[in-house]
Amino acid sequence: MPNRKLGRASDQRTAILRNMTTAFVINGKVETTVARAKEIAAITEKLVSMAIKEKDNYTTKEVTVSAAKLDAKGNKVLVTKESKNGKKYEVVDREIKTKTVQVDAPSRLAARKEIMYWLHKSHDSEGNTINPVNKVFDEIAPKYAGKQGGYTRIIRLGARRGDGSEMAILEFV
């Protein structure tokens with residue numbers, strides 16, 4: 001997808017663009033050079049367009065799930081059992097629940113995999129795992145549902161003090 005070389009080998013260039021695209025999707029804003037901002041904007045526009053096209057393309061179904069019973073403190077409940085030869089041992093007590101799960105249609109799954117190529121799982125300040133792919137489908141795509149492109153904006157900041165490189169802020173509109 002990218003066509004600028006950005007003064008890097010292809011593997012480094014791809015890694016930079018993936019990391020910056022992930023940071024952009026999670027934070028909604030990123031400060032970088034103008035050339036990188038244009039590349040990230042192009043990638044993000046394509047990902048958001050895919051997500052908008054596929055955002056409602058799924059079904060739901062009921063699934064039975066076996067889960068460990070938990071006490072008031074959140075610890076697993078143990079039950080004492082006896083084996084055939086008379087020895088006693090403890091086993092985690094389990095309960096069977098029904099759970100509603102979302103099942104993606106094939107085209108949505110393909111779009112999800114394409115988006116996963118560009119976005120990495122990340123962590124917030126508390127250490128919780130953030131899946132930016134879910135954020136694209138659940139938050140960003142519905143926000144821009146009626147729009148045909150133009151989801152990002154580049155604001156030029158001027159030259160960087162160290163090397164004079166033109167800087168910019170990339171943000172969602």
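Visitor: Which residue in β9 stands opposite threonine 152?

Guide: In this predicted model, threonine 152 stands opposite phenylalanine 172, and the two strands concerned, β8 (residues 152–159) and β9 (residues 166–172), pair in the antiparallel sense over seven bridges.

Visitor: What makes β8 and β9 count as paired strands?

Guide: At least two bridges are required between two strands, and β8 and β9 have seven, so they count as paired.

Visitor: Why is the pair of phenylalanine 24 and phenylalanine 172 called stacked?

Guide: Their ring centres are 4.4 Å apart, where a pair needs centres within 6.5 Å, and their planes stand at 15 degrees, where stacked means under 30 degrees, so the pair is stacked. Because phenylalanine 24 lies in helix α1 (residues 10–27) and phenylalanine 172 in strand β9, the pair ties together parts that are 148 residues apart in sequence.

Visitor: How do you know whether phenylalanine 24 is buried or exposed?

Guide: Buried means under 20% relative accessible area, and phenylalanine 24 has 0%, so it counts as buried; phenylalanine 172, with 14%, is buried by that cut-off too.

Visitor: Why is tyrosine 117 called partly exposed?

Guide: Its relative accessible area is 41%, which lies between the 20% limit for buried and the 50% limit for exposed, so tyrosine 117 is partly exposed, whereas tryptophan 118, at 4%, is buried.

Technical notes
Residues are numbered from 1 along each chain as its sequence is written. This is a predicted model: local features need pLDDT of at least 70, side-chain atom pairs count only at pLDDT 80 or more; totals for chains, interfaces and linings use all residues. Side-chain values use heavy atoms; hydrogens and water are left out. Helices (H or I, at least four residues) and strands (E, at least two) are DSSP runs, numbered from the N terminus. Rings of Phe, Tyr and Trp (its six-membered ring) pair if their centres lie within 6.5 Å; planes under 30 degrees apart count as stacked, over 60 as edge-to-face and the rest as tilted. Buried means under 20% relative accessible area, exposed over 50%, partly exposed in between (1.4 Å probe, protein chains only).
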